[in-house]
Structures are given as structure tokens and as C-alpha cells.
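These are my notebook entries on one protein model and the ligand placed in it. I record what I looked up, in the order in which I looked it up.

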Amino acid sequence: MRDPVPAWVGVGANLGDAQATVQWACGQLLQFAEPGSFCASGLWRTAPWQAQGPDFVNSVVRLDTRLSAPDLLMQLQLLEQQAQRQRPYQNAPRTLDLDLLLFGHAQIWSPHLQVPHPRWAERAFVLRPLAQINPERVSPAALAAVAGQEAQLMPEAQWMPEAHPLNALPKEP
Ligand code: ADP
Ligand code: MG
């Protein structure tokens, strides 16, 4: 069996009930995570950036997974299909977008998969949520560079609080 590798997945939606879809997708990603390794950022409302349509809801999830990077991408695409993702044209609004941002130290450049994701470091909708869960991965300079992109934490919305590992800690006797 493969050793677990830390992976970061960008989750976004701006069609349909975007918040509900992002929360559902984050919950689905749990199935690929080693126990105790799953962590999701808060939900962020962001203006479309190199995309079209209504505002997005975004999150970034970290998990240790035994899947290979191509297998994880395949699972992400299956989840997109389950959310009725359509690709009528490039950068079209989407019911669900799941991007593999980072996969351990892997450097992959194949026609169907590039890791690290080529544009992850220029996007506020990646950097702001990522800085919440792994601040050491995001430099102040990188955050400053995306300060012009609108991104607001949705304090009232969590991804799925009842399934968060912190909530699964044993209760005090
Ligand atoms: P985007 O997210 O850039 O708007 P899509 O979600 O439509 O575009 O993805 C287009 C293609 O990008 C997918 O078919 C997939 O094979 C490819 N791709 C390459 N690298 C990645 C990655 N790291 N994560 C997700 N998709 C990727
Ligand atoms: Mg995508």
C-alpha cells in the first residue's frame, strides 16, 4: 500500500446552491483522507477571477491520502460530474470545481495533470483559505500580491461542522 501523501484541494462553485455544493464536496473528500488528517478552511466568498458569472464560494481542503495524484484527480472529476459540472466554454461558471493544488513535493507536468497547479499562487481564492489552515505555506508577500482580489470569509458558514475532526475529539467525562 502507498504511504500517505499530503494533498491540498481547491474547492469552488458559482452556479446553483454554491455554498451547499462546496460543503458537500468537502464532506466527500473525507473518504480519501487518512484518519485525523483532514482539515478544511472556512468558506470564502470571492469575486470571479479569470472566470465568469456570479460570486464564488471557495474553500481549501488538506488531507493525507494513499491515492496517487492521477487517482485523486480522477476522484475529483467524478465528484464534479456528480455535481453536474458542465464545461460549455473555458472559464464558464461552474456548479463545482475541484483542483489539485499541491501533492507532497510532486512536480507533475502531463497533459491532464499539472502539480503544483500552475495558477495556485496567483489566486486569492486559494491563498486566503490556504493561509487559514497552513499559514506556513503562504508568504506575506504572496498574500499582499493578491490583496486586490475580492475575498471575504463567510463567518456564518462552516463546511460541515459536525464532521470536523476537532468535533470528533472524545468528550470530557
Ligand atoms: P479550470 O479549473 O482551470 O477552470 P477545468 O476545471 O475545466 O479548468 O479543468 C480543465 C482540465 O485541467 C481538466 O480536464 C484537468 O485534466 C486539467 N488539470 C490539469 N492539472 C490539474 C490540477 N492540478 N487539478 C485539476 N485539474 C487539472
Ligand atoms: Mg478545475
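**Entry 1: the shell around ligand 1**

I looked up which strands supply at least two residues each to the shell around ligand 1, and found S5 (97-103) and S7 (114-115). The model is a predicted one; local features need pLDDT of at least 70, side-chain atom pairs count only at pLDDT 80 or more, and totals for chains, interfaces and linings use all residues. Residues are numbered from 1 along each chain as its sequence is written, while chains are lettered from A and ligands numbered from 1 in the order in which they are written.

I then listed the residues around ligand 1: Leu 73, Arg 87, Asn 91, Asp 97, Asp 99, Leu 100, His 112, Leu 113, Gln 114, Val 115 and His 117. A residue is near a molecule if its C-beta atom, placed from the backbone, lies within 6 Å of it. I sorted the shell into 4 nonpolar, 4 polar and 3 charged residues. Here Ala, Val, Leu, Ile, Met, Phe, Trp, Tyr, Cys and Pro count as nonpolar, Asp, Glu, Lys and Arg as charged, and the others, Gly among them, as polar.

**Entry 2: backbone details**

I checked the peptide bond from Val 115 to Pro 116 and found it cis, with omega near -5°. Pro 116 belongs to the loop between S7 and helix H3 (124-133).

I noted a positive phi, near 65°, at Asn 91, which is not a glycine. Asn 91 sits in the loop between helix H2 (69-82) and S5. Is Asn 91 buried or exposed? I count it as exposed, because it has 12 C-beta neighbours inside 10 Å. The terms are these: a residue is buried if 20 or more other C-beta atoms lie within 10 Å of its own, exposed if 12 or fewer, and partly exposed in between, with C-beta atoms placed from the backbone.

Gln 50 also gave me a positive phi, near 55°, in a residue other than glycine. Its loop runs between strand S3 (44-46) and strand S4 (56-65). Gln 50 is exposed, since 10 other C-beta atoms lie within 10 Å.

How many of the 10 residues of H3 are buried? I found 7, so the helix is mostly covered. The buried residues are Ala 124, Phe 125, Val 126, Leu 127, Arg 128, Pro 129 and Leu 130. Their cover includes strand S1 (5-13), S3, S4, S5, helix H4 (140-145) and strand S8 (151-153).

I next examined the largest nonpolar core, of 38 residues, in which Ala 7, Val 9, Val 22, Leu 29, Val 61 and Leu 100 touch the most other members. S1, helix H1 (18-29), S4, H2, S5 and H3 each give two or more residues to this core. A nonpolar core is a set of buried Ala, Val, Leu, Ile, Met, Phe, Trp, Tyr and Cys residues joined through C-beta atoms within 7 Å.

Beyond its neighbours within four places in sequence, Val 22 is in contact with Val 11, Ala 13, Leu 43, Val 57 and Ser 59. Two residues are in contact if their C-beta atoms, placed from the backbone, lie within 7 Å.

**Entry 3: two single residues**

Cys 26 is found in H1, and it is buried, with 23 other C-beta atoms within 10 Å. Its C-alpha atom is separated by 10 Å from that of Asn 58, 32 residues apart along the chain.

Leu 153, in S8, is partly exposed, with 14 other C-beta atoms within 10 Å. Leaving out residues up to four places away in sequence, I found that Leu 153 touches Gly 42 and Trp 44. Leu 153 and Gly 42 are 111 residues apart in sequence, yet 6.9 Å apart in space, C-alpha to C-alpha.

**Entry 4: the whole protein and its confidence**

I counted 4 helices and 8 strands. Buried residues make up 32% of the 173 residues.

The average pLDDT, the predictor's confidence in each residue from 0 to 100, is 91, and 90% of the residues score at least 70. Over residues 163-172 the pLDDT is below 50. Where pLDDT is low, the predicted coordinates should not be read in detail.
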